[in-house]
Amino acid sequence: MGKARRSPGRRRTPPAPPPARERGSRSASRAPAKPPPPPPAKGAPLGSGCPGASEEEEPPSLALGAQRERWLQFQKRQRLSCEEAAKLLLDAFEYQGLVKHTGGCHCGAVRFEVWASDNLHVFDCNCSICVKKQNRHFIVPASHFKLLKGADHLTTYTFNTHSAQHTFCKTCGVQSFYTPRSNPDGYGIAPHCLDDGTITKITVEPINGKEWEKAVKGHPTIRNMSKP
Ligand SMILES: [Zn+2]
């Protein structure tokens, strides 16, 4: 590992899982456990057309206007709550061309989902720690990663510049994801910790982490891989 670049030592805790159920949205603060009330009557005022959010919770920006009937029909056909329907559409729009992989540690305490290509570009690094733990990983923006459970089962090892956050499961020791020094605003995900069925191809690129400064600064794309 090189030693010249000193990061501000920022520590980032992985996003906490939604409190009540796995299918909650990323902003899981809106009482996700509450069962959705029945859809409002057809004549209901605009802006209350989103069952699942009560009148006082719903900001005016959610007024559905001419899309109200279509939205309600969509929810009904797909059998989704308002929150689930919104998540489905946001995911479909924001993660076009990507697939949702799921994965985790060995004992099952740590579970996550990550949106990435089905054709993964994996770095095989030869720095001091990556060699010891055989830390092959692909890099994603933080917004593409969601910890579903296990925040309290993670422990973190750091060394040298303390930029990389080597998070691993306290129980089984498996590092299924971490925060790389090269991309502190994203995550490095271990492809071998993903569940079967969503990877079609893996391209492995060796990276010379022994000369970290030269390898990362000279790399044409690695820094961009954590940008949404
Ligand atoms: Zn574990």
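1. Strand S4 and strand S9 (residues 186–189) run antiparallel and are joined by 4 bridges. Within this pair, Ile-139 has Gly-188 of S9 as its bridge partner. Strands here are DSSP runs of E with at least two residues, helices are runs of H or I with at least four, and both are numbered from the N terminus.

2. The model is predicted: local features need pLDDT of at least 70, side-chain atom pairs count only at pLDDT 80 or more, and totals for chains, interfaces and linings use all residues. Residues are numbered from 1 along each chain as its sequence is written.

3. The S4-S9 pair belongs to an open sheet of 3 strands, ordered S4-S9-S8, with antiparallel pairing. Its edge strands, S4 (138–141) and S8 (177–178), each pair on one side only. Pairing requires that DSSP finds at least two bridges between two strands.

4. The chain holds 4 helices and 10 strands. Read from the N terminus, the order of elements is α-α-β-β-β-α-β-β-β-β-β-β-β-α.

5. Average pLDDT (the predictor's confidence in each residue, from 0 to 100) is 80 for the chain, and 73% of the residues score at least 70. Residues 1–11 have pLDDT below 50, and this stretch has 20 contacts in the model beyond near neighbours in sequence. Over residues 17–49 pLDDT also stays under 50, with 47 contacts beyond four places in sequence. A contact means that the C-beta atoms of two residues, placed from the backbone, lie within 7 Å.

6. Of the contacts between residues at least 6 apart in sequence, 59% join residues at least 24 apart. Of the 228 residues in the chain, 27% are buried (20 or more other C-beta atoms within 10 Å of the residue's own, with C-beta atoms placed from the backbone).

Technical notes
Buried ≥ 20, exposed ≤ 12 C-beta atoms within 10 Å, placed from the backbone.
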